[in-house]
Amino acid sequence: MKFAWIDLRTVPEAHRESVVDAAVHARLAGIVSDDAALLDTLPPTIGRVLIADRPAASPHLVVTTVDDQDQLDRLTATAAFVRVRDDRTLKLACAAAVKLEHTVVAFADPTKIPLEIVIAAADGAAGRLVTVVADLEEAAIVLDVLEHGSDGVLLAPSDATEVFRLARLLEARTAPLTLTTLTVEGIAHNGLGDRVCVDTCSHFREDEGILVGSYSSGFILCCSETHPLPYMPTRPFRVNAGALHSYVLGPDNRTNYLSELRSGSTVLAVDSEGRTRELTVGRAKLESRPILTITAHSPEGVEVSLTVQDDWHVRVLGPGGKVRNVTELRRGDELLGYLATEQRHVGIPIGEFCKET
């Protein structure tokens, strides 16, 4: 789980109490200060982190500033603060991230390449990397660098409002979904219709796609064009998703019609294990093509429907990430899907009666 520490050292005194209250209320991971007496006053429900220029005896987590390898080698504490300003200090940050339980890193330059190097160097290490960020916009970027991101961020907020906004940013990390196995009941060829290809700004993995369905109660996992096809190159950023009326599942349990997607919209990439990540749409391409409708049902008897382009190269995913061409589906075949528990009003889940056929 990603986490955040709040740095009190530069918070104006007039806002300090409200910032602390906000951090405690929002259940952030820790408060950082160079004043041990101030940390002593904090409630036990929040972590207390003492920044010290040299090793210090304290009941709190002590983060000692180090500036060279000799200091790091002699360090008896389990956490260090490294300011990265050149190649030497970058190597020091990498060594600390591999060795210590916590490494706090501040970067002198705005480029994120040094952070990428530290993340790569520490890959597989047990410690946690905390990156100093200037604002919430930088925090969002830092948490996603190399698709792994810093384990935590350290922010000096201007007031309590920024603390709550940071907490919401952490909560926005997409949660996994519980997928279900659907059984195909039939395929119907419907003639001409308008279908949408969703081109994202990211590469899909081989067992990833997006969840699309004609009914708000159920979705089928549509495969990306990551897998090789005859007669055409792969498009690993694309999902040939379905007819324009279809729902597509996005972040925060919201849906959009495929016809509503635009450059800058967001969709939820989902893999065969239900892991999710938010993707940005680069464009949505609508074209008239022959279409077919897949009808399937869940073990509980929930009916799921998906209308897609009627062509062999359009694919959906089955259990285990098995790729299935839609024109070869037969009654009894198994697909991966997702069942929603709520109906929808303008894409927002709502507990009302609604029957879709």
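Student: What makes aspartate 159 a cap of the N-terminal end of H7?

Tutor: Please keep in mind that this is a predicted model. In it, a side-chain oxygen of aspartate 159 lies 3.1 Å from the backbone nitrogen of threonine 161.

Student: How do you know that the span of helix H7 agrees with its number of residues?

Tutor: Helix H7 covers residues 160-171, which is 12 residues. The expected span is 1.5 Å times one less than the number of residues, so H7 should span 16 Å. Its end C-alpha atoms are 17 Å apart, in agreement with that expectation.

Student: Which residues of H7 are buried, and against what do they pack?

Tutor: The buried residues are Ala160, Glu162, Val163, Leu166, Ala167, Leu169 and Leu170. They pack against strands S1 and S8 and against helices H1 and H6.

Student: Why is glutamine 309 called buried?

Tutor: Buried means under 20% relative accessible area. Glutamine 309 has 6%, and therefore it counts as buried. This residue belongs to strand S17 (residues 303-309).

Student: What does the side chain of glutamine 309 make a polar contact with?

Tutor: Its partner is the side chain of arginine 195, at 2.7 Å, and the limit for such a contact is 3.5 Å. Leaving aside neighbours within four places in sequence, glutamine 309 is also in contact with other residues, including Asn240, Pro290 and Val326.

Student: Why is arginine 27 called exposed?

Tutor: Exposed means over 50% relative accessible area. Arginine 27 is at 75%, so it counts as exposed. It is placed in the loop between H1 and strand S2, and its phi is near 60 degrees, a positive value in a residue other than glycine.

Student: Is tyrosine 231 buried or exposed, and where is it found?

Tutor: Tyrosine 231 has a relative accessible area of 87%; the cut-off is over 50%, so tyrosine 231 is exposed. It is found in the loop between strand S11 and strand S12. Phi of tyrosine 231 is positive, near 75 degrees.

Student: How do H4 and H5 cross, and which residues make the contact?

Tutor: The axes of helix H4 and helix H5 come within 8 Å and cross at roughly 35 degrees. The contact is made by Leu90, Ala93, Cys94, Ala97 and Val98 of H4 with Pro114, Ile117, Val118 and Ala121 of H5. By class, the contact has 9 nonpolar, no polar and no charged residues.

Definitions and conventions: Residues numbered from 1 in each chain as written. Predicted model: local features only at pLDDT ≥ 70, side-chain atom pairs only at ≥ 80, totals over all residues. Heavy atoms only, no water. Helix = DSSP H or I, 4+ residues; strand = E, 2+ residues; numbered from the N terminus. Buried < 20%, exposed > 50% of the residue type's maximum accessible area, 1.4 Å probe, protein only. Contact = heavy atoms within 4.5 Å. Polar contact = N/O pair within 3.5 Å; in protein donor to acceptor, adjacent residues only side chain to side chain. Axes fitted to C-alpha atoms, helices over the stretch in contact; angles between N-to-C directions. Nonpolar A, V, L, I, M, F, W, Y, C, P; charged D, E, K, R; others polar.
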